[in-house]
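Please look through the structure below before reading on.

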Amino acid sequence: MNKSDQIVTIQDFQRLLQTGLHSLNTGQFENAKQAVNNALSINPDSTQANFLAGLVENALNNHSEALKSFSNVLKYDPKNCAVWVHIADLKSGFGEFSEAEKALEKAVEYDDGSPNLKQMVGLVNSKLMKYQDALDWYQKATHQQPNNIGFLLNQATCLMYLGKIDEAEEVLVSIIKIQPAIASAHWLLSGLRKTKDQQHVTQMKSLMQSFCFTPNDLAYFHYACGKEYEDLEQWDEAFNSFTAAAASKRTSIKYDESLEQEMYDYLLATCTEEWLKDGPDGYPDESPIFIIGEPRSGTSLVEHIISAHSQISSAGELKNLLYCINQLSNTVGEHDLTPQLAMRATNCEPFLLGEAYMNSVKRVRGNTAHFVDKLPSNFLFLPLILKILPKAKIIHLRRDPMDTCFSGFKQLFTQAYAYSYDQSEIARHHARYLYMMEAWRTRFGKRFLEIKYEELAMNFEINAHKIIEYLELDWDDNCLRFFEQSTPVSTASSVQVRQPVNTKSIGRWRKYENHLQPMVQELNKHQPK
């Protein structure tokens, strides 16, 4: 190759990197991937190109490929803190918490002083459920860039998880002063307290009329308005806002209902009493407590009640069971609930899967004799849990179907529960859940405890004792004062569970009964007889 050809090649390489970066920043991920692949064909050893490839693959949710690209950078630049923190982020997403912590230590060791690095370190700590550490890093980042909206939003969210409501409110108000049209800041602010007047709703309505927002931003605004209208008992206005919010969010959601039905059918056909009895034994560990049910059914409340016990810690909503299923079947990075995942799950060797799960939670389970895994959707895998961890305890929360469905419909879950943004879809999903739990109750009812949310709320102390008795633990009066805990809560119920038990939400859906007929009719049509 002559000198002029080399110059052209270098120019092409730089142009492709610029194109790839621009496409990534503008959301044109496939174009970005094509550009970066062409750049790598010219110079496969380039740290710039491999780093950009990692960012692009991550944006495309090709997490295993992203990890390979970032690892390639370390071959030539082993002290690249940005790469280490991205690897830590990916490892935490795979449920490999120990490896994530090691990578995070490298990122901190090679800290280049960048506020963006501090922000990423905070994000990874948050994923590792180290919320105080996350807050410390967010505050370091905002100290360097005090008006960075993204930094401030993460700081406010972390403060909310830690129960520091006044401080979270202060940060959110400061965000809105800097940039009034930040939809997610208004949404977070609306959830901190009960609204007493229409001042904030009026402000949000004015903003929606004055600016052009994306569907996601509109969803934030409408959910916030709905919540505040509900506080003010303006039921029609609240429902109109919730409906507009769900419709906006639904435009960006991919939900394959037939695939969900196929997964349920497979599990129901496979996980029989005979299946549970057959084959080798599982891993005999008594420490896990699984709390399962539909989202918004009271799972966070029970988690908070029992984690107030001196012998129980909460590990939060763990996806470690899914991670371990994929690790044992060599499909790391695939997290979706699919028929394929269900097949892999039921074909795993029980002892090995139970052991893998217990090893995976060591960094997050706490130092108590027992710990809580409160991922609601684990109801799908109730028989699997019984098979791989036969000494684990399982508590199922059951709530009135209409209250559950409507509570889910009016809640923004961001990355979860794709079925929850349409009245008919959430009703059909709930009917599938009811049918499955009826099957599990018939087949395995003596192996788990079922608690009705309404009974818990109306007869709190009796049912709290019932739960602790089922867990075979001595009574602890702290369980009655669960709302005084300072334990971080990162679910949609992070504010509610810091309050004493009440019955205000029971039958709340009837305030909207005239608007909810599609949901009512679909539930009546499909729920088990």
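This is a predicted model. A place to begin is Phe351, which is partly exposed, with a relative accessible area of 32%. The residue belongs to helix H20, which spans residues 350-360. Together with Leu328 and Leu352, Phe351 makes a nonpolar surface patch of about 240 Å².

From the surface we turn to the sheet. Five strands form an open sheet with parallel pairing, in the order E2-E3-E1-E4-E5. Strand E2 (312-314) and E5 are the edge strands, since each pairs on one side only. On average, neighbouring strands of this sheet are turned by 25° against each other, direction ignored.

The pairings can be followed strand by strand. Strand E3 (residues 370-373) and E1 are joined in the parallel sense by three bridges, and Val372 in E3 is the bridge partner of Ile289. Strand E1 (residues 288-292) also runs parallel to E4, with four bridges between them; here Ile292 stands opposite His396 of E4. Four bridges likewise join E4 to strand E5 (residues 449-452), again in parallel, and His396 stands opposite Glu450 in E5.

Strand E4 (residues 393-398) has five of its six residues buried, so the strand is largely enclosed by the rest of the structure. Buried here means under 20% relative accessible area.

Helices lie against this sheet as well. Helix H17 (residues 299-307) lies across E1, E2, E3 and E4 and runs at about 155° to E1. Helix H23 (residues 423-444) packs on the sheet too, where it touches E4 and E5, and its direction makes about 140° with that of E4.

Note on methods:
Residues numbered from 1 in each chain as written. Predicted model: local features only at pLDDT ≥ 70, side-chain atom pairs only at ≥ 80, totals over all residues. Heavy atoms only, no water. Buried < 20%, exposed > 50% of the residue type's maximum accessible area, 1.4 Å probe, protein only. Helix = DSSP H or I, 4+ residues; strand = E, 2+ residues; numbered from the N terminus. Pairing = 2+ DSSP bridges. Patch = residues over 30% accessible without salt bridge, like charges linked within 9 Å, V, L, I, M, F, W, Y side chains within 5 Å. Areas by Shrake-Rupley, 256 points an atom, 1.4 Å probe, with all protein chains shown as cover. Salt bridge = Lys/Arg side-chain N within 4 Å of Asp/Glu carboxyl O. Axes fitted to C-alpha atoms, helices over the stretch in contact; angles between N-to-C directions. Contact = heavy atoms within 4.5 Å.
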